[in-house]
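Let's take a walk through this model together.

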Amino acid sequence: MTHHPHAPGAVLALDIGGTKLAAGVVQSDGTTLAFARCPTASQDGPRAVLKRLFDLGRAVLGTAGTAPGDLLGTGIGCGGPLDPVAGVLLAPPHLPGWRNVPVVELAREAYGLPAVLDNDGTAGAAGEWRFGAGRGTRHLVYLTVSTGIGGGMVLDGRTYRGAAGNGGEPGHITVRPDGRPCRSCGRAGCLEAYASGTSIAERADEAVAEARAGGVPTLLGDRDPLTAADVTAAAGAGDPVATAVWEETLDALSTGLISLVNVFEPELVVLGGGVTRAGEPLMGPLRREVAERAMGPAASAVRLTTASGGDQAGVLGAAAIAFERLAPDDRAR
Ligand SMILES: [Zn+2]
C-alpha cells in the first residue's frame with residue numbers, strides 16, 4: 001500500500017448527486033489523492049444511500065493510504081435547499097422523499113471528524129475559485145449547466161451563501177416571464193427551464209414533433225431520446241430545426257448571464273457541466289452577447305471560461321468548502 005505521510009491538511013470530500021455519489025481525498029493544493037464514484041439510487045432512501053456514500057469515503061481513504069486521523073475533516077456538497085449551518089438537507093428536489101436529513105451529524109458519527117455541508121453550486125464556485133479556473137480572482141460567478149442549472153459565487157474573495165444559506169442560485173433567474181414551467185422550483189420561465197440539458201432535449205423533442213407534423217425535414221429525431229449534444233451536432237451541421245432550438249438556448253443563457261454580469265460585475269464567469277462540452281459553439285456566442293449587451297464597465301471587466309473541475313468538480317467543491325470552513329486560517333489567498 002502506498003502511504004502519503006506528507007498529506008497535511010487533506011480532507012475527505014463527498015458529493016451527493018441525483019444520479020451519482022462521489023468521494024475523494026483532496027489536499028490543500030487541490031491534488032486529488034483518490035477518487036471514486038457510484039450510483040446514488042436515491043429511491044433506496046437516505047439511510048442506505050448515506051451508508052453507501054460513507055463506505056465510498058472509506059474506500060478512497062484506503063486507496064489514498066490516509067487514516068481519518070490525518071484529515072482536517074469532511075466536506076459534503078449536495079443540491080439544496082439545505083441548511084449549511086445546521087448541516088441538514090431540507091428537501092432537495094433531486095432526492096425525492098429526503099426530508100430534514102442531518103447529514104453532517106451522520107458524517108461526524110461515521111468518521112469521528114468535523115464535517116460541513118454546503119449547496120453543491122456554492123461548493124462548485126468555491127472549488128473553481130480555490131483550485132480551478134478562478135484561482136487568483138476576487139469576484140467569480142459559477143454556473144453548472146447539466147441536467148439542471150446550479151451555481152454560486154465568490155464575491156470580494158468570500159464564498160457567498162445569502163441569508164438562509166442557499167443564495168447565489170443562477171438557475172432560477174427569470175429569463176421568460178410566463179415562460180416554460182421550471183421543474184425544480186415550480187415557477188415559470190426560469191433559466192433552467194430553457195438552458196438545462198433536460199430542457200434542451202425536451203424542446204428538441206417538441207420541435208421534431210412540430211417539424212414532422214409540418215412535413216419539415218430535420219436531422220434531429222433519428223435518436224430517441226434526444227440529447228443536448230444531438231442538438232449542438234445537428235445545429236453545427238446546419239439543420240434549421242436544431243438551430244432554432246440551439247439559438248433559443250443561447251438566447252436564454254446569454255439573457256441570464258448578462259443579468260448576473262450587470263448585477264455583480266464579476267471578473268470571471270466560469271461555466272461547467274455537461275452542456276458546456278459543446279465548447280466554442282456555446283462559448284463563442286455567449287462571449288459575443290455579453291460583450292455587446294452587458295453594461296459597458298461590466299462587459300469590459302468580465303471574462304468567460306469553462307470550468308476546470310471536470311468529473312471531479314463536485315468533490316473539489318466539497319473539498320474547498322471543507323478547507324474554507326474547517327481551516328479558516330489556511331487561506332490560499
Ligand atoms: Zn426555477
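This is a predicted model: local features need pLDDT of at least 70, side-chain atom pairs count only at pLDDT 80 or more; totals for chains, interfaces and linings use all residues.

Residues are numbered from 1 along each chain as its sequence is written, and side-chain values use heavy atoms, with hydrogens and water left out.

Helices and strands here are DSSP runs numbered from the N terminus (H or I of at least four residues for helices, E of at least two for strands), and two strands pair if DSSP finds at least two bridges between them. Strand β1 (residues 10-16) runs antiparallel to β2, with 6 bridges joining them, and the hairpin between β1 and β2 goes through 3 residues. Look for I16, which sits opposite L21 in β2. On to strand β3 (residues 32-39): β2 pairs with β3 in the antiparallel sense over 7 bridges, with G24 facing F35 of β3. The hairpin of β2 and β3 has 5 residues between the strands, and G30 adopts a positive phi near 90° there. How well covered is β2 (residues 20-26)? Mostly: 6 of its 7 residues are buried, where buried means under 20% relative accessible area, exposed over 50% and partly exposed in between, using a 1.4 Å probe and protein chains only.

Strand β11 (residues 268-272) pairs with β12 in the parallel sense over 4 bridges, and L271 has T306 in β12 as its bridge partner. Contact means heavy atoms within 4.5 Å, while axes are lines fitted to C-alpha atoms (for helices, over the stretch in contact) and angles run from 0 to 180 degrees between N-to-C directions.

Next up, the charges. The structure has 16 salt bridges, each being a side-chain nitrogen of Lys or Arg within 4 Å of a carboxyl oxygen of Asp or Glu. In one of them, D118 meets R161 at 2.8 Å, N to O. D118 belongs to strand β7 (residues 115-119) and R161 to the loop between β10 (158-159) and α4 (192-195), so this pair ties together parts that are 43 residues apart in sequence. D118 has a relative accessible area of 0%, and R161 also counts as buried at 16%. R161 forms a salt bridge with E324 as well, with the closest N and O atoms 3.1 Å apart. That pair spans 163 residues, since E324 is in helix α10 (residues 313-326). D118, R161, E324 and R325 are linked in a salt-bridge network. Another salt bridge joins R176 to D251, with the closest N and O atoms 3.0 Å apart. R176 is in the loop between β10 and α4 and D251 in helix α7 (residues 240-264), so parts 75 residues apart in sequence are tied together. D251 is partly exposed, at 32% relative accessibility. R176 also lies over the face of Y194, at 5.2 Å from the ring centre; a charge sits over a ring if NZ of Lys or CZ of Arg is within 6 Å of the ring centre and within 35 degrees of the ring normal.

The loop between β10 and α4 also holds L191. Is L191 buried or exposed? L191 is buried, with a relative accessible area of 0%, and among the residues it touches are L143, I149, P170 and A252.

Finish with the rings. There are 2 aromatic pairs; rings of Phe, Tyr and Trp (its six-membered ring) pair if their centres lie within 6.5 Å, with planes under 30 degrees apart counted as stacked, over 60 as edge-to-face and the rest as tilted. F54 and Y111 are edge-to-face, at 5.6 Å centre to centre and 80° between the planes. F54 is in helix α1 (residues 46-64) and Y111 in helix α2 (residues 103-111), so the pair ties together parts that are 57 residues apart in sequence. F131 and F323 are also edge-to-face, at 6.3 Å centre to centre and 80° between the planes. Here F131 of helix α3 is linked to F323 of helix α10, 192 residues apart. F131 is buried at 10% relative accessibility, and F323 is buried at 0%.

Key:
Lists of a residue's contacts leave out its neighbours within four places in sequence.
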